[in-house]
Amino acid sequence: MLTLSGMALLLVSQATSADTPLGWINSSNNSAYTTTRGDLEISLAGLAVNDTLDVFSFRDDLLANNSRLVGDSGDLSGEKLELHYGVLEEFSVFYKRQQHSLTVDLGPIASINLIDIDTSLDTKMESAGFKWTFYEANLLNPNNRRTAASLEVAAFKNSSDDFAALLDEVRYSNFTIYFLNPQTFAVSDLEDEGWTARVITSWALQDYAVASIWAGYGQSKSTSALTTDVLNATIRRLFEQSFNSEETYLLLGASLNTQITPRLSVAASYEFVSIRDSSFERFPQTPPVGLPGFLNSASESGASRNHTFSARLGYWLTPRLNVSLTGSLYSNQFVGELPHYNNALSGAFSEIPYGYAGLELNYRISRTQ
């Protein structure tokens, strides 16, 4: 009897000292599991899409459905960092940062005489938060694939660099404004911030997989503007404008992680984002006329929903080092993920399916090593 009790205590000890299943990476899997207490998971990834990686022709569809865009528009390159740290057995914190450059190559613009123009929208995404496991069951599962439920809360802040055009002439239907020295006009103040909260439930499917489902809610505020370095105040007032928007979201999702072999794992997830409430303000209310569309108005996207599919194929090089191939597909580009992309420059083509691939390295630093 004492032997059986001792074995049970040993199994419970092993389960509670490792908060995630074998072969698990918190940074790559949506789940209720927290990072093991005292462990630090570091993930680094390179992200890209171009004419070679555009497997589903989403980049080509972007060009075909928008007459403004030419050349390499739709190409994306970037990198991602994630840190997950286990503070307690049932509580972990995380930080995520992604930077990417989205090529935006605009074709000829009849209403202005263009001297120079930027060719990419350079964006930084940051979020930080915590995950708290408030329910656990099946603690004696030898693979640690137990049933769990968690609350995950995150705050985010995203921003993009100004997208500027240098021009010396603006043509209207009955007159033209000439600038002795070329002037800069820019889509600027591209920022958003907000928060999300999700309740996530995970459970084992036999001995080979873990399934998770979640539901959540979020809010965001975003800004954008048209600015110029024209010195004449009267002329400047003809062009300058600012935009503010607020949105609330509902989130629903599911994921599945399977361990095909001790070293090889496959994960897939789906998330549905629905914008439930949205408000938009422009100042001044009457937009300037004569400028091209990407400078002229907010070009609000009509998209209020997004379906996101993600997949990962991971291989464990060592018990602590994993390399993964990843992919993400969006039914409406970054709707619900980057609120400030609904601006005069990128809002007009946000209703286009989009996706990119990634190569990811994950390393776990454990207090027990």
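Strands here are DSSP runs of E of at least two residues, numbered from the N terminus. This is a predicted model, in which local features need pLDDT of at least 70, side-chain atom pairs count only at pLDDT 80 or more, and totals for chains, interfaces and linings use all residues. Residues are numbered from 1 along each chain as its sequence is written, and side-chain values use heavy atoms, with hydrogens and water left out.

A patch is built from residues with over 30% relative accessible area and no salt bridge, with nonpolar side chains joined within 5 Å and like charges within 9 Å. A salt bridge would need a side-chain nitrogen of Lys or Arg within 4 Å of a carboxyl oxygen of Asp or Glu, and areas come from the Shrake-Rupley method with a 1.4 Å probe. Strand β5 gives the most to the nonpolar patch, three residues. W132 lies in β5 and is partly exposed, at 38% relative accessible area; partly exposed falls between buried (under 20%) and exposed (over 50%).

A negative patch is formed by D116, D118, D161, D162, D189 and E191. D161 sits in the loop between β6 (147–160) and β7 (163–171), and is partly exposed at 48%.

Inside, the largest nonpolar core has 21 residues, of which L76, L121, F163, F334, L345, Y354 and Y356 touch the most other members. Such a core joins buried nonpolar residues through side-chain atoms within 4.5 Å. β1 (40–49) is one of the elements giving two or more residues to this core, and gives the most, with three. A second, separate core of eleven residues includes L167, Y172, V230 and F239.

Terms used
Lys and Arg count as positive and Asp and Glu as negative; His and the chain ends are not counted. The place of a charge is taken as NZ of Lys, CZ of Arg, CG of Asp or CD of Glu. Helices (H or I, at least four residues) and strands (E, at least two) are DSSP runs, numbered from the N terminus. Buried means under 20% relative accessible area, exposed over 50%, partly exposed in between (1.4 Å probe, protein chains only).
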